[in-house]
Every structure is written in C-alpha cells, then in structure tokens.
Amino acid sequence: MQLFTVKELEKATDNFNESRILGQGGQGTVYKGMLSEGKIVAIKKSKLVDENQVEQFINEVVMLSQIIHRNVVKLLGCCLETEVPLLVYEFIFNGTLFDHIHDKTDEFPLSWNMRLKIAVEVAEALAYLHSATSFPIYHRDVKSTNILLDEKYVAKVSDFGTSRSIAIDQTHLTTLVKGTFGYLDPEYFQSSQFTEKSDVYSFGVVLVELLTGQRPISSAKTGEERSLATRFLLCMEAENLEKILDPQVLEQGKREELTSVAKLAQRCLNLNGKKRPTMKEVAMELEIVKMSQTHLTTSETKYQDLQLRKSKEILISDDNYTWTSTSDNIIESSLDAHSLKIHTV
C-alpha cells in the first residue's frame, strides 16, 4: 500500500475543490483526483474531525488491506500527514448501482442479464468477506450506493468505514446501531446484535431493487408501505410478484428465473436471521440461475439456427436431406413430417 503526501493529494484534487466531489456520505466526502503520473483515483476525506471518524477511517484501511477480490474496490494507499487520514482508491468509472437502477435518464438501462450478473458478483464479494478471509468481515452498510460499476459494468463493493472483523469467539453486540434506513436488518435494529445474516438482509433489499427498479424507501407512500422490502414481501405472500417487478425485468426475464431470484430475496428478508441463507448459499443459488439462463439462451440459439437451415433446405430440394448445425446436431428427414428424427450429440 502506497503512502501519499498531503501535497500530492491537494494537487490531485485542485485543493479539494467542490467541483471534484464524487459523493458524500456519513463518514466523509469522496473526490476525483489525478495523480502526477496521470492516474485517476478517488480520494476519501472526512467531513469532521472527531475520534469516532478517525477510528472509522483507520478501520477501513485495516479492513481493505486484508481484502483482495475482483469485486471489492481496491485501496491504493493513504495519507497520514493530516488530522484525518485520507484514503486513495482505484477510480470506478461508471458510478453507483443506485444511479443506474433509479436514474430514468440513464442512456444504458440495466438489462435483466446485467442485473443478474451484478447480483452474482456482489453476492460473491460478500461471501468472500464472510468466509474466505482470516476473520469474517461484516460490511454493515450494504446498499446500492455502495456498489460501484466499472467500465465493463463489473460490480465493486465499496465503503468499509463501518465494517468489522469479527473473531470467532467474540459476541457481535454493538452500542450504536449503524446502517442505512431501508436496508437495515430489523433484527439488528431491535437487538443491536450484528451478524453475517444482517448483511444478508441488506443484500436482499439490493436484490429487490434489481428486480423492481424501485427505491428502498418511497417518499410517496406512508407507514409500512414506505419500505420496499415490506411491499415486496406482501406481494410474495399474495403470490402477486408481477405487480411489483420492473416492466423491463418482466419483459426480459424468464418466469422461472424471476421466481427463483424473488424467492431467494424473500428468504434473505426473513425477519428471523437464523432462517436466512448465508451469503455463500446466496451466491451459489444466483450462479445456478445465471448458468441456467446461459444454457437456455444457447439452446434457443441452436434451435433457431436449425429451424432457419431447415427452411432454406426445403426451398431448394424435393429429396431426402441431411445437414448438420454448428452445434453438431444432426437431422435426417424426408418431406414427410412424421419421419423427422433428431439426434443430439
């Protein structure tokens, strides 16, 4: 990890000019910067100087120094010369998942295939944090604004300011509930006990965002209806999933895929944390849906290819005919439809 001087980072951000601000959150402000060698980076600076935020920044450095995963934003270095440490990340060019889902002016709306791919990538990153590091790492603020998309629309989980590395024998009690309204695990909110299943709940909300295209909290509704998670669960209980799905998702996704992903989201949002799947199970189930989607698409393409070749052959021949497709399927037939045989290798 590289150590930067404060002069380097001031120069990179034009003295932390407001025009360079990429985003602002509870823990700090993120600026776009250009290093002297021309590399574009994102630089995170605390809004206020207090011990709690300094602790969170240092905690983020410790967390990210342990994490090496293609779907987690990379920490390049930090600056320790200022009162509050400055963190320097790789710059992710395509912004947040939240913007791509909810910005209706987006020139490239996320297709169902892309949404499913992103869900798999985020689930795999969280599963890695929970089970593949020396100690489990709980993100504690999983939400679509903390999921970035690179130039190839590969998902990158970001913002580990409130994350915790949990030793196996430790309790997970915290004195202050942290998280974002709309994504916060109700069980954690009531008990102040954060577990890996609290991240699972928050991911469930992100999954519902991807399915519905709706915001986690609706200002147009009142009471329990304000919560997307609540509205989604009510639709699932009433077996009325189509009512809440994004029209684009409904048009592009196969019923079996959408039902499988929706049922998985429903399990993630179970009010009883023990009944939720682990992130590893979530990632595996989403991968299975994605693989079946690829298999179905390939099968359809092969079928359409065979049909097209058959039509062309009928136009030029009155005799028995045999041909092969690009998939090594062989069809032998005469013009008598009853004698058509298909042999699949």
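Tutor: What follows is a close look at helix α6 and its contact with helix α9.

The model is predicted: local features need pLDDT of at least 70, side-chain atom pairs count only at pLDDT 80 or more, and totals for chains, interfaces and linings use all residues. Residues are numbered from 1 along each chain as its sequence is written, and side-chain values use heavy atoms, with hydrogens and water left out.

The chain has ten helices and 13 strands. Helices (H or I, at least four residues) and strands (E, at least two) are DSSP runs, numbered from the N terminus.

Helix α6 covers residues 196-212. Its 17 residues should span 24 Å at 1.5 Å a residue, and its end C-alpha atoms are 25 Å apart, which agrees. The expected span is 1.5 Å times one less than the number of residues. Of the 17 residues of α6, 16 are buried, so the rest of the structure largely encloses this helix. Buried means under 20% relative accessible area (1.4 Å probe, protein chains only). Just after α6, G213 takes a positive phi of about 70°.

Now the partner. Helix α9 is residues 255-268. The two helices pack at about 150°, with axes 8 Å apart. Therefore α6 and α9 are roughly antiparallel (an angle over 145 degrees). Axes are lines fitted to C-alpha atoms over the stretch in contact, and angles run from 0 to 180 degrees between N-to-C directions.

Which residues of α6 and α9 meet? From α6 come V200, Y201, G204, L207, V208 and L211. From α9 come L258, V261, A262, L264, A265 and C268. Contact means heavy atoms within 4.5 Å. By class, eleven residues are nonpolar, one is polar and none is charged.

Technical notes: Parallel < 35°, antiparallel > 145°, perpendicular 65-115°, else oblique. Nonpolar A, V, L, I, M, F, W, Y, C, P; charged D, E, K, R; others polar. Buried < 20%, exposed > 50% of the residue type's maximum accessible area, 1.4 Å probe, protein only.
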